[in-house]
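Here is a short report for a reader new to this structure. Look at the sequence and the model first, then read on.

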Amino acid sequence: MNKNSKNYIKWWLEQERLRMNNGIPVEITLAGVKLSVIPQAFLPSPLQTHSTPLLIKNIKHHNFMGKKVLDIGTGSGVLAIYSALNDASLIIATDVDDHILYHAKNNAYLNKITDIHFMNSNLFESVEGKYDYIFANGPISPESWSEKSLSGHTISSYGETLLSQYRNYLTDEGVMFMTFAEFGPMKAFYKILQKYSVLYKEKREKKFGIWWSFHEIKK
């Protein structure tokens with residue numbers, strides 16, 4: 001890991017420590033979605049991360065009307081709610097933490113959305129059916145997510161499971177969206193993409209002194 005990545009992770013972990021000690025939800029609005037983000041959930045604020053803002057920036061040209069959407073590891077619920085506000089017909093939002101799911105549902109209500117189905121699932125374990133769009137904006141840094149928080153997965157095994165199984169849940173013309181960054185295990189990530197012959201388009205942007213990448217993945 002280079003110096004910029006180390007500095008960013010150190011700073012990010014300190015912000016998270018302060019947020020956890022504070023214990024007060026952070027109120028933000030992202031892409032028209034109002035959020036109250038509890039300390040246990042990932043904070044998608046552009047002041048602290050570029051993963052979620054980069055993803056949303058790169059999906060705006062996609063038509064969500066009438067689409068079926070799966071949001072894996074929903075966290076605050078921002079991507080599921082974004083889909084609902086853009087007229088998706090069916091939205092499944094998953095997480096491994098019932099407390100986080102409860103507050104994600106509250107965020108949906110905050111945006112006057114009541115038809116998202118929130119469910120506990122470790123990746124695809126409890127998921128059925130096929131979807132037009134899958135959000136898999138998951139963990140990137142081993143320093144930031146423990147195996148306990150990932151229900152026994154490492155960052156690499158999480159990616160391995162995701163990229164070996166996603167085709168089973170995409171429609172023929174479906175697309176999966178995810179992000180990555182240079183402070184993650186980059187070599188392992190691209191090796192997994194190659195291993196499973198993943199078809200993807202990648203866009204990169206630099207923020208906080210480091211590179212972030214958006215991936216649009218097809219079946």
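## Terms and model

A nonpolar core is a set of buried Ala, Val, Leu, Ile, Met, Phe, Trp, Tyr and Cys residues joined through side-chain atoms within 4.5 Å. Buried means under 20% relative accessible area, with a 1.4 Å probe and protein chains only.

This is a predicted model, where local features need pLDDT of at least 70, side-chain atom pairs count only at pLDDT 80 or more, and totals for chains, interfaces and linings use all residues. Residues are numbered from 1 along each chain as its sequence is written, and side-chain values use heavy atoms, leaving out hydrogens and water.

## Overall fold

The chain holds 6 helices and 9 strands. These are DSSP runs: helices are H or I with at least four residues, strands are E with at least two, numbered from the N terminus. The radius of gyration, taken over C-alpha atoms, is 16 Å; the globule rule gives 17 Å for 219 residues, so the chain is as compact as a globular protein of that length. That rule is 2.2 Å times the number of residues to the power 0.38.

The C-alpha atoms fill a box of roughly 45 × 40 × 35 Å along the principal axes. Of the 219 residues, 50% are buried.

## The core

The largest nonpolar core has 68 residues. Ile 116, Ile 134, Leu 163 and Met 176 have the most contacts inside it. Strand E7 (residues 170-181) gives the largest share of this core, 7 residues.

What does Ile 134 touch, not counting residues up to four places away in sequence? Its contacts (heavy atoms within 4.5 Å) include Leu 70, Ile 72, Phe 124 and Met 176.
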